[in-house]
Amino acid sequence: MLAGEASGDILGAGLIAALQQRFDRIEVVGIAGPRMQALGAQSLFAMERLSVMGLVEPLRRLPELLKIRRSLRQYFIENPPDVFVGIDSPDFNLGLEEALRGAGIPTVHYVSPSVWAWRRGRIKKIARAVDHMLTLLPFEADFYREHDVPVTFVGHPLADDIPLEVDTDSARREIGLDTNDRVIALLPGSRGGEVRLLGPLFIRAAMWCHQRDSSIRFLLPAANAERKAQIEAQLQEISGVQQLPLTVLDGQSQTVLAAADVVLIASGTATLETMLMNKPMVVAYKMASLSYAIFSRMLHTPWVSLPNLLAQRELVPEILQDDATPEALGAALLNYFEDPLAQDQLQREFRELHQVLRRDASERAAEAVCRLIGAVPA
């Protein structure tokens, strides 16, 4: 089993726990984070060595990453497991899976790459590399069936973990807000590049809203200490921001989402968490002009946010690139307060989607792995 980052470690730990419920003894070897290791997984390399992001850093680390992959391939061919499970990290895992499958080792890939959205040619490599795909989202499974790749939709672990009813009042008390406050949460992303482009934009959108409704309070959960310092530096540079009732918090993103009425959020996986917390949102994104020009031409879907992709229609506004101005974002946010009936309808649809994804993902993943290898629990 191989997890390349923290989110994969969470999925891997859930799968290990579900398999341990089925068998008296299992042995898990590969690359594991602390959660998987706490359940007995043996990590042949530190998971952090695979946790690289962006364009430049992976290229810089490419020789080391290739060396690790060669070592793992040799280890597993010499010590064949009953099954290999690659968790996300497709650029690393798919090449390894293809080699191991060629050597007769059954392979599972857990978490679909976004092949349905862009770089669709990757489906050919996936078909060669993977005996069985486990997807978190239902429309992903439909895509693999269309391309004759064996697949199981297992649901999303976040949908299992987040309750169907969120206690907004309790979250507000925890943060120190009045339960009757109007609250907008600002989530400009967790990466430095995202916050560089979206942080000032989101703050100015909040200022635009504040000028029209001074009763609104604003919350911004910083993903880590570096992002908090970055956001605080941005606040120093924006004229008039001192009047804005904005609280920047250390982490606590789930508490902030629970406390919010409406959320302004960067496109990404956090939009799914926001939907599961049943919070109306406005989705925004900006990237370098050249990157956006390339990305938009490669995209095969009309939407970028997970709520809209799940619904296959526009549930929430997506305001991207040059369209993303403080005025446009602010107007979309205030529209939720001005149209409570539409907000209620949106939240009903969010609950229905939550139920669709609430499938006990770890159990379903374990069942699929057992079926693939013909393993019968004790």
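A crossing of two helices counts as left-handed if the near helix is turned anticlockwise from the far one by less than a right angle, and as right-handed if clockwise. By that rule, H1 goes past H17 in a right-handed crossing. Helices here are DSSP runs of H or I with at least four residues, strands are runs of E with at least two, and both are numbered from the N terminus. This is a predicted model, in which local features need pLDDT of at least 70 and side-chain atom pairs pLDDT 80 or more, while totals for chains, interfaces and linings use all residues. Residues are numbered from 1 along each chain as its sequence is written, and side-chain values rest on heavy atoms, with hydrogens and water left out.

Back to the two helices: the axes of H1 (residues 6-22) and H17 (residues 361-373) come within 8 Å and cross at roughly 65 degrees. Axes are lines fitted to C-alpha atoms, for helices over the stretch in contact, with angles from 0 to 180 degrees between N-to-C directions. On the H1 side the contact (heavy atoms within 4.5 Å) involves Gly14, Leu15, Ala18, Leu19 and Arg22, and on the H17 side Ser362, Glu363, Ala365, Ala366, Glu367 and Cys370.

Next comes a sheet. It is open, has 6 strands in the order E10-E9-E8-E11-E12-E13, and its pairing is parallel; two strands pair if DSSP finds at least two bridges between them. Strands E10 (246-250) and E13 (318-320) sit at the edges with a single partner strand each, so one side of each has no neighbour in the sheet. From one strand to the next, the twist averages 20 degrees. Further in, 4 bridges join E8 (residues 182-187) to E9 (residues 216-222), and Ala185 has Leu219 of E9 as its bridge partner.

As for aromatic rings, those of Phe, Tyr and Trp (its six-membered ring) pair if their centres lie within 6.5 Å; planes under 30 degrees apart are stacked, over 60 edge-to-face and the rest tilted. The count comes to 3 pairs. Tyr75 and Phe76 have ring centres 5.4 Å apart and planes at 80 degrees, so this pair is edge-to-face. Buried means under 20% relative accessible area, exposed over 50% and partly exposed in between (1.4 Å probe, protein chains only). Tyr75 is partly exposed at 29%, whereas Phe76 is buried at 3%. Ring pairs also link Tyr75, Phe76 and Phe84 into a cluster.

Finally, Ser89, in the loop between strand E4 (84-87) and helix H4 (90-102), has a positive phi near 40 degrees without being a glycine.
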